[in-house]
Amino acid sequence: MKKIITISREFGAGGGEIGSKVAKALNWEYFHKELILKAAADCNMDVYRLLEWDEKSPINFGFTQSLFDFYNRPVSEQVFEAQKKVIIDIGSKGKCVITGRNANMILKEFDGCLNVFIHADFDWRLKRMKEKMPDMSEDKVAAEINAIDKKRKKYCSFYTKTEFGHSDYYDVCLDTSRLGTDECVRIITDIAKH
């Protein structure tokens, strides 16, 4: 039986919902944004500052960067290292589902790890997120989807030197626009049990 499941996802494809349901079906712990809060204690950072730098790659050094900042690791790297430590700790305990934060690559050496990528057609994601954000215009929702996907790709590339969403880095890739979220939950749960 697989004892760790990591879920990487395109924004709006339902990865968080699927991760939560899989964890519930298996009676395992589920980890998502709470990783940030746990990381806060490890790097002695303000939670709001962690949220600000969550899943961001470092800004390139330039003339505007102070000498003080130059000789210290960027905040984004401190946040990534703190989250990495938390993810390894969670993974070592097993029986968990972790969504996002490059957990698939951080735990790549762990036995019993099932790495899943959740994706969907853009129009399906747009419709789904428009329902979740009814006060935003369709154009703004589309821009948000594109911006978050771009940020996740950059973050993944910078910290893992891999390509976000490329099938080489996952055991299973599922399309929620074709299968639906409930079928994805069933597939992942079945694989984990067998």
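Predicted model: local features only at pLDDT ≥ 70, side-chain atom pairs only at ≥ 80, totals over all residues.

User: Fine. With that cut-off, what share of the contacts between residues at least 6 apart in sequence join residues at least 24 apart?
Analyst: 73% of them do.

User: And how many helices and strands are there in the protein?
Analyst: The protein has 10 helices and five strands. Of its 194 residues, 47% are buried.

User: What's in the largest nonpolar core?
Analyst: That core holds 20 residues, and the ones with the most contacts inside it are Ile5, Ile18, Val22, Val116, Ile118, Leu174 and Ile188. Two or more residues come from each of β1 (4-9), α1 (15-26), β4 (113-119), β5 (172-175) and α10 (181-193).

User: Which element gives the most to this core?
Analyst: α10 does, with five residues.

User: Ile188 was on your list. What does Ile188 touch?
Analyst: If you skip residues up to four places away in sequence, Ile188 touches Ile5, Ile18, Val22, Leu114, Val116, Ile118 and Leu174. There's also a second, separate core of 15 residues, with Phe80, Cys96, Ile106 and Cys113 among them.

User: Switching to helix packing. At what angle do α7 and α8 cross?
Analyst: Roughly 115°, with the axes of α7 (residues 122-132) and α8 (residues 138-160) coming within 10 Å. The crossing is right-handed.

User: Which residues make the contact?
Analyst: On α7 they are Phe122, Arg125, Leu126, Met129 and Lys130. α8 brings in Glu138, Val141, Ala142, Ile145, Asn146 and Asp149. By class, that contact has six nonpolar, one polar and four charged residues.

User: What about the polar atoms of the Thr160 side chain?
Analyst: One of them lies 2.6 Å from the backbone oxygen of Cys156. The side chains of Thr160 and Thr162 are also joined by a polar contact of 2.5 Å.

User: And which residues is Thr160 in contact with, leaving aside neighbours within four places in sequence?
Analyst: Those would be Asn102 and Met105.

Conventions
Residues numbered from 1 in each chain as written. Heavy atoms only, no water. Axes fitted to C-alpha atoms, helices over the stretch in contact; angles between N-to-C directions. Helix = DSSP H or I, 4+ residues; strand = E, 2+ residues; numbered from the N terminus. Left-handed = near helix turned anticlockwise from the far one by under 90°. Contact = heavy atoms within 4.5 Å. Nonpolar A, V, L, I, M, F, W, Y, C, P; charged D, E, K, R; others polar. Core = buried A, V, L, I, M, F, W, Y, C linked by side-chain atoms within 4.5 Å. Buried < 20%, exposed > 50% of the residue type's maximum accessible area, 1.4 Å probe, protein only. Polar contact = N/O pair within 3.5 Å; in protein donor to acceptor, adjacent residues only side chain to side chain.
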